[in-house]
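Hello,

Here is the structure we talked about. Please open it first, then read my notes below.

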Amino acid sequence: GSCLINQHQRLQIRPAVSLHFCSRDTAISSSRFRCFDHSYPATPDHPPYFPASTPNDRSSGSMAISDNSEPKTATGPCGYVLEDVPHLVDYIPDLPTYPNPLQDNPSYSGVKQYFVNADDTVAQKIVIHKDSPRGTHFRRSGPRQKTNDMQLDISQVYFESSEVHACVVTCGGLCPGLNTAIREIVCGLNHMYGVKRILGIEGGYRGFYAANTIPLTAKVVNDIHKSGGTILGTSRGGHDTSKIVDSIQDRGINQVYILGGNGTQRGASVIFEEIRRRGLKVAVAGIPKTVDNDIPVIDKSFGFDTAVEEAQRAISAAHVEAGSIENGIGVVKLMGRYSGFIAMYATLASRDVDCCLIPESPFYMEGPGGLYEYIERRLKENGHMVIVIAEGAGQELLSESMNQQDASGNKLLQDVGLWLSQNIRDHFSKQRKMTINLKYIDPTYMIRAIPSNASDNVYSTLLAQSAIHGAMAGYTGFTVGPVNGRHAYIPFHRVTQGQNKVVITDRMWARLLSSTNQPSFLDLKEVEAKKKEETKAQPIVGENHSEATSTSRPKE
């Protein structure tokens, strides 16, 4: 057969296991997996997994190391690509290792297969054809193990518990689940690995060089998950790389956990590069945070489920208001600067929305098939309607374009909700001579400030523990997150190279259109153009972002 593999199960790459799933002309005759076989002949499409050895090659021989300034990748037969994350020994050779405290932890004595194999990887794409290449993979997260020639499991870490001095920082806007993630980093380091010295950096990146810190213990963080916001405080901007790394070095910090969105992860990547340039034994781990759910590669970011759930309360209120008066219109503005995931999922969940407007789907107001025509038809049919609009939608229609940015580099947006509400009022009162009653609701800051729900509490816990295991194992320059339901370590450059967006030519948006029965506001030519554009860009593999995972519990 041709390259057949069950992508729903974890992919294990073990030298001692024979895996026969390549095409006939590349059949495996030895007991070794061909991705790791030095004797495997190279082809233009399948270069050898191992390049010529370099002084910085891992001593274990299980991973080829690329140049420090380049992404760390490896290839194998059948189109296999591993986008790996950096490791401390890439630039600090001959680091000592220590027994992993988890192997003697009574909490895990009865857990089978708790330690992941050193070469377990997670496939980015799970829906494939029989002749499809195996595609991109990421290193699976979890506590590591090393297998010696005697097949005995020797668990190891690159930090001794007593020498760890960790810090946690939160940056950017508020998001449900921040306190939960902080709590689990502190408790995970303490309970699983016996780490005692953990600092909280106050006020975002600025806190590193402003001498603002909070000693964090399991007792201090015990109940913080019940409150919204972040106990460490946050800010936008303030990223002075040299000062931040100077502070890390001066304080003797050797593990840095950074919670934030796209801009924060870009900052974390720069911090990691400076740490590597200085040759410091410091692990830098990111935990992706954004309610907009616009971070690429990962299934979803924490806080998204809570935001969707809370958004429904605003939609329900708008529906009650609109349905209680003649020609009532409820307009709800939700978060979504560049991506309309909250608006789309809240609309599908509530079933009370008649029209959902997102940044990815342009719309127009006047003329046949326009928004005004649809509103008038809906009011005549039903007597009321509810419109949900993401904050980044329709910005091109506003008369004054803002070219300013906030401290995080995000473009400042005008209030499209107010603009839309006023234009609807003016159109029906002045042009159509029709009485309407419009109520406008903006729940943005109410959603951001609430504690996370049960789903996000569990998810934040898994993210925090994955980050801890990665840092203790010596990995650095990575962010964590589920890829097709399996948690993985992802290099910073993959989550900072763009935003994930709703694919309006995909089935999830079609499901929304069938639910609301709204016009697409696109003609056939525009649809075809969008398909070509999205195929060329390929922002994400599979259907819209969270479809497969937002309703299911993430797996470790």
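The lining of the second largest cavity divides into five nonpolar, eight polar and no charged residues. Here Ala, Val, Leu, Ile, Met, Phe, Trp, Tyr, Cys and Pro count as nonpolar, Asp, Glu, Lys and Arg as charged, and the others, Gly among them, as polar. A cavity is a set of points on a 1 Å grid over the protein atoms alone where a 1.4 Å probe fits but cannot get out, and lining residues have an atom within 4 Å of a point. This second largest cavity has a volume of about 40 Å³. Of its 13 lining residues, the closest to its centre are G177, S227, G228, P451 and S452. The structure holds two cavities of 30 Å³ or more. Volume means the space filled by probe spheres set on the points, with grid points joined across faces, edges and corners.

A word on the source. This is a predicted model: local features need pLDDT of at least 70, side-chain atom pairs count only at pLDDT 80 or more, and totals for chains, interfaces and linings use all residues. Residues are numbered from 1 along each chain as its sequence is written, and side-chain values use heavy atoms, leaving out hydrogens and water.

Now the helices. They are DSSP runs (H or I, at least four residues), numbered from the N terminus. Axes are lines fitted to C-alpha atoms over the stretch in contact, and angles run from 0 to 180 degrees between N-to-C directions.

Take α4 (residues 304-323) and α5 (residues 341-350). They pack at about 60°, with axes 9 Å apart. F304, A307, V308, A311, Q312 and I315 of α4 meet F341, I342, Y345, A346, T347, A349 and S350 of α5; contact means heavy atoms within 4.5 Å. By class, this α4 and α5 contact has 10 nonpolar, three polar and no charged residues.

Next, α6 (residues 371-382) and α7 (residues 416-431). Their axes are 11 Å apart, at an angle of about 70°. Therefore α6 is roughly perpendicular to α7. The contact uses L371, Y372, I375 and E376 of α6 with L420, N423, I424, H427 and F428 of α7. It has six nonpolar, two polar and one charged residues.

Last, the axes of α1 (residues 178-193) and α9 (residues 454-472) come within 8 Å and cross at roughly 45°. So α1 is oblique to α9.

Best wishes

Terms used:
Helices (H or I, at least four residues) and strands (E, at least two) are DSSP runs, numbered from the N terminus. Angles under 35 degrees count as roughly parallel, over 145 as roughly antiparallel, 65 to 115 as roughly perpendicular and the rest as oblique. On a 1 Å grid over the protein atoms alone, a cavity is a set of points where a 1.4 Å probe fits but cannot get out, and a pocket is an open set with protein on both sides within 12 Å along at least five of seven lines; lining residues have an atom within 4 Å of a point.
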